[in-house]
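Here's a quick tour of a two-part story: one chain's make-up, then how things pack and meet. Have the viewer open as you read.

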Amino acid sequence: MSNKQTLVVIGNGMVGQNFLENLMASDIKSNYNVVTFCEEPLVAYDRVHLSEYFAGKSAADLSLVEDGFFETNDITIHMSDKAVSIDRQNKTVTSDKGIVIDYDKIVLATGSTAFIPPIPGNDRDYCIPYRTIADLDDMMAAAKDSKVGTVVGGGLLGLEAAKALRDLNLDTHVVQFAPRLMEAQLDDGGADLLKSKIEDLGVGVLTSKNTIKIVDGDTCKHKMVFADGTEHETDMILYSAGIRPRYEIAADCGLEIAERGGVVIDNQCLTTDADIYAIGECASWNNLVYGLVAPGYAMARAVVSHLAGEEAEFAGADMSTKLKLNGVDVASIGDPHASTPGSLVYTYQNGVDGIYKRIVVSNDNKLLLGAVLVGDASGYPTLHQYFSNEIELPEHPDSLILPSRSDESVGLGPDALPASAQICSCYEVTKGEIVNAIEGGCCTLASVKDATKASTACGGCAALLKSVVDCEFEKAGMEVNTDICEHFAYTRQDLYNFILVEEIKSFSDLISKHGSGKGCEICKQAVGSILASQWNDYVLEKEHVGLQDTNDTFLANIQKDGTYSVVPRMTGGEVTPEGLIAIGQIAKKYGLYTKVTGGQRVDLFGARVDQLPPIWQELIDAGFESGHAYGKSLRTVKSCVGSTWCRFGVDDSVGLAVELENRYKGLRSPHKIKFAVSGCTRECAEAQSKDIGVIAVEGGWSLYVCGNGGMKPRHADLFATNLDKETLIKYIDRVLTFYVRTADRLQRTSVWMENMEGGLDYLKSVVIDDKLELCDELESQMQHVVDTYQCEWKTTIGDESKLKRFRHFVNSDKHDENIVFVEERGQIRPANIEERKLLKAENA
Amino acid sequence: MANWLDVCSIDDLQPNSGVCALVAEQQVAIFYMPEDNAVYAINNYDPFSDINVLSRGLIGDIKGEAMVASPIYKQHFNLKTGVCFEDETVKIDAYEIRINNERVEVKI
Ligand code: SRM
Ligand SMILES: Cc1cc2nc3c(=O)[nH]c(=O)nc-3n(C[C@H](O)[C@H](O)[C@H](O)COP(=O)(O)OP(=O)(O)OC[C@H]3O[C@@H](n4cnc5c(N)ncnc54)[C@H](O)[C@@H]3O)c2cc1C
Ligand code: SF4
Ligand code: FES
């Protein structure tokens with residue numbers, strides 16, 4: 001018999017999962033057998049970023065649970081099963097599927113549901129709450145045959161839901177019961193401005209509308225009838241008018257429920273039963289239900305502390321929020337309504353630029369009590385710090401919201417923050433903890449995030465975190481050295497600009513102008529790659545050959561025994577029987593090992609350096625070209641069979657893959673580039689794991705960018721959809737050239753994107769909106785590369801002086817006797833050291 | 001005392017890069033930096049990968065010392081002494097080398 005107690009967590013939502021993670025990271029984890037009930041068919045996912053589901057994120061992307069989390073931690077999870085009753089006398093929990101668990105402790109984390117107004121007709125078809133992934137699936141299905149969509153609720157979530165409907169191309173309206181939008185956070189001035197901004201986005205806003213019933217419509221599916229006698233027609237309705245805590249199970253077993261809903265909890269998050277806790281949106285603390293994730297996480301921590309016998313308690317949380325809706329910034333901090341007696345208010349309104357800012361300060365002008373920002377929320381991090389850390393305000397608090405005059409700096413520099421200042425409220429990370437992480441060896445922003453979790457939940461603190469980290473790096477003198485190597489005190493991007501602007505054509509020219517010494521493998525390869533991207537000369541040209549590492553020098557991939565592999569290009573993975581036969585015959589003639597690669601082509605291994613030219617001569621004669629498997633360049637464009645053969649195919653994916661591969665083959669880049677094209681959304685070519693992914697959809701092609709398989713997989717981002725081929729190619733030209741110009745050396749597009757300030761939106765603004773007025777140049781650079789393409793093997797074979805290099809010894813025709821093969825599964829493989837010795841001895 | 005052995009013509013060398021020569025049954029990697037009129041000779045054997053490939057590495061300098069980077073796992077070797085920069089206990093043979101009347105000569 002184990003002496004462990006059984007702890008049952010009811011609900012595996014954001015807060016329930018956060019509780020499990022905290023518990024598993026604590027010393028008391030071994031005291032409990034943990035069982036959890038998860039009503040939804042999916043384990044916990046990120047509800048905060050739910051709307052990104054429409055932008056192409058999958059349920060898996062949104063998941064908050066690391067693979068194997070439940071197994072490794074020995075947590076029993078009952079999926080798609082709901083706890084239905086608690087028997088407090090006998091201490092059992094019973095589930096919908098009939099499972100009965102004897103418990104010692106319970107943590108209720110049942111969350112809430114979207115509030116659905118109790119009016120006739122509220123459950124008609126296409127009337128959907130906005131809360132779960134299943135709801136979103138319903139929404140997308142309903143949107144397919146709807147023209148008009150309406151959101152009930154003009155709060156934070158309602159406006160987000162409206163954006164989702166806009167993104168689904170519906171004629172969108174918001175119906176608000178209150179006289180203003182976001183009534184909890186905004187005052188009238190802020191709400192008016194927000195309303196006009198939302199209307200500018202093409203969303204209709206109806207305020208002071210009390211819906212009394214929903215009936216059949218005349219022009220649309222439904223007609224909403226309002227108390228003032230007016231009506232509104234719509235095809236679908238989304239409910240997002242506030243939340244209702246889920247407390248049925250608590251109420252049924254006699255726990256105290258707050259007047260306005262929610263399970264009553266104390267500072268330890270205990271309900272009125274000393275063995276039952278409640279956390280997250282189902283709990284009511286001080287008569288307050290928090291509809292935000294950060295307070296839920298704070299409650300989860302408080303419960304783990306309490307179980308561990310520590311003193312920590314939940315002491316309420318801050319309701320500040322920041323939101324970005326299609327480019328409209330909105331933020332609210334603390335008490336925006338100036339309800340504190342004696343508080344003073346400063347307002348700044350700029351009708352021209354559509355900016356409204358208001359701060360509420362204490363009557364001695366010393367402390368910030370609240371703020372509202374609409375149209376420009378850039379001041380949020382600073383104001384939030386003044387508020388949450390109770391930092392004394394500057395002499396003229398209004399300087400914080402007035403447009404900054406050049407002679408005074410009003411921002412609160414990260415250096416001015418005390419160590420106790422909370423930087424990330426979701427994970428309660430203080431500035432002190434960030435400093436510790438840096439002192440403990442974190443030397444990149446990403447590693448600080450990993451170590452502290454800061455900025456990994458709602459992301460609202462990202463800008464502040466970055467400025468704190470940058471400032472600390474600078475102070476620690478570890479100004480992250482971005483010099484490419486000891487020979488150039490510049491980044492790759494700087495070198496690119498020198499080469500571009502000064503039209504530098506050789507390494508020796510560049511190092512004499514901008515560097516020192518003789519160079520090394522790092523700068524030489526990087527510069528070799530830049531010169532090739534920009535001018536596209538033959539890489540084995542006399543002044544370039546010394547810049548290539550062995551793979552580029554011999555136009556083949558070196559293997560562990562010093563032999564090389566040979567990879568002919570097979571555009572789109574397409575190959576004729578004659579081609580296959582030729583490859584087979586050549587492999588047989590030279591005794592090469594053959595294997596189908598992960599990139600849809602055939603690799604021939606075990607060629608000695610002197611065999612490379614004759615092998616390539618034969619491949620070229622059979623119609624093949626270099627596959628650039630050796631270069632930091634385009635590798636393959638993978639394809640699925642597509643509409644030509646496949647019964648589901650929407651378009652000709654092979655045809656497009658072949659065309660794209662032929663266009664971009666030979667392009668030298670900071671790292672290798674992979675593409676794929678799928679013929680429909682079943683995605684058999686796995687395009688969403690590639691640097692450039694293309695999927696055929698009914699309206700054209702969808703373009704995905706910056707995906708990665710390999711060491712750290714990254715799902716590609718949906719960049720644009722319904723593109724015709726011409727626009728698709730234009731966008732790819734621009735994205736790739738921009739990558740080639742601005743990435744670090746050996747940086748795949750995925751990491752480039754992760755490090756790009758402004759991220760996907762920024763890349764879109766450069767490539768689609770031409771924000772940098774660079775698109776023409778990017779396209780013509782790509783066209784130059786396309787026009788000057790040459791098969792490097794063809795050029796090499798035609799040049800006697802280049803072929804001289806393809807011998808093991810300059811002064812002898814002998815081979816390297818260290819290269820020895822043995823047979824395995826009917827083909828050759830390199831002998832290992834033991835085998836090599838044995839064979840040598842036999843031959844001697 | 002070893003003698004100077006004739007290896008090849010200077011035209012057989014690769015400017016700013018390396019070649020391998022067979023000298024007295026030894027595989028010798030020879031590097032040529034024409035700007036400094038410098039030639040270097042070390043053994044072609046890379047002790048970290050157990051194969052004969054150093055002549056195919058990229059060359060340059062580390063703090064002014066001429067070096068080659070192994071093409072396999074990128075350790076650096078001093079071209080004058082054969083000592084590995086990452087691990088000074090590892091040293092490969094370095095040979096005397098000169099250019100004599102457009103001919104490359106090595107002492108082994
Ligand atoms: C041959 C092949 C394995 C196979 O037998 O299937 C292969 C072999 C090598 N891969 Fe790969 N990769 C091969 C497909 C892949 C794939 C699958 C794909 O392309 O669909 C991936 C994951 C997809 C991706 O890149 O996002 C892949 C991810 C890597 C990585 C990790 C890259 C990353 O960003 O995480 C490396 C290491 C690197 O590049 O730094 C790597 C490096 C290598 C190197 C170059 C390692 C080396 O330096 O020796 C191997 C030499 C290849 C050679 O000698 O020809 N290989 N490699 C595949 C050649 C495909 C082709 O036809 O060109
Ligand atoms: C679209 C949207 C956007 C949001 N944006 C933000 C934001 O920007 N910032 C922010 O701070 N917050 C935001 N929120 C709120 C945030 O998502 C919630 O505060 C958070 O999810 C609360 O976590 P929870 O675990 O309490 O509840 P939930 O995440 O709802 O989890 C509760 C889970 O318990 C399950 N459950 C319920 N009863 C039972 C039972 N009896 N047995 C088993 N399982 C049960 C439910 O099915 C659910 O899966 C947003 C919410 C939505 C819907
Ligand atoms: S997975 Fe590793 S071992 Fe296999 S081919 Fe790729 S790099 Fe080589
Ligand atoms: S404040 Fe939410 S992630 Fe930092």
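## Ground rules

A contact here means heavy atoms within 4.5 Å. With that in hand, 40% of the contacts in chain B with a separation of 6 or more come from residues 24 or more positions apart.

This is a predicted model, where local features need pLDDT of at least 70, side-chain atom pairs count only at pLDDT 80 or more, and totals for chains, interfaces and linings use all residues. Residues are numbered from 1 along each chain as its sequence is written, chains are lettered from A and ligands numbered from 1 in the order in which they are written, and side-chain values use heavy atoms, with hydrogens and water left out.

## Chain B

Chain B has 11 strands and 0 helices (DSSP runs numbered from the N terminus: E, at least two residues, for strands; H or I, at least four, for helices). Of its 108 residues, 59% are buried, meaning under 20% relative accessible area with a 1.4 Å probe, protein chains only.

## A helix pair in chain A

Now look at α20(A) (residues 653-664) and α21(A) (residues 725-742): they pack at about 35°, axes 12 Å apart (axes are lines fitted to C-alpha atoms over the stretch in contact, and angles run from 0 to 180 degrees between N-to-C directions). Among the residues making the contact are Leu656(A) and Leu660(A) of α20(A), and Leu728(A) and Ile732(A) of α21(A).

## Where A meets B

Chain A puts 36 residues into the contact and chain B 39.

Notes. Buried means under 20% relative accessible area, exposed over 50%, partly exposed in between (1.4 Å probe, protein chains only).
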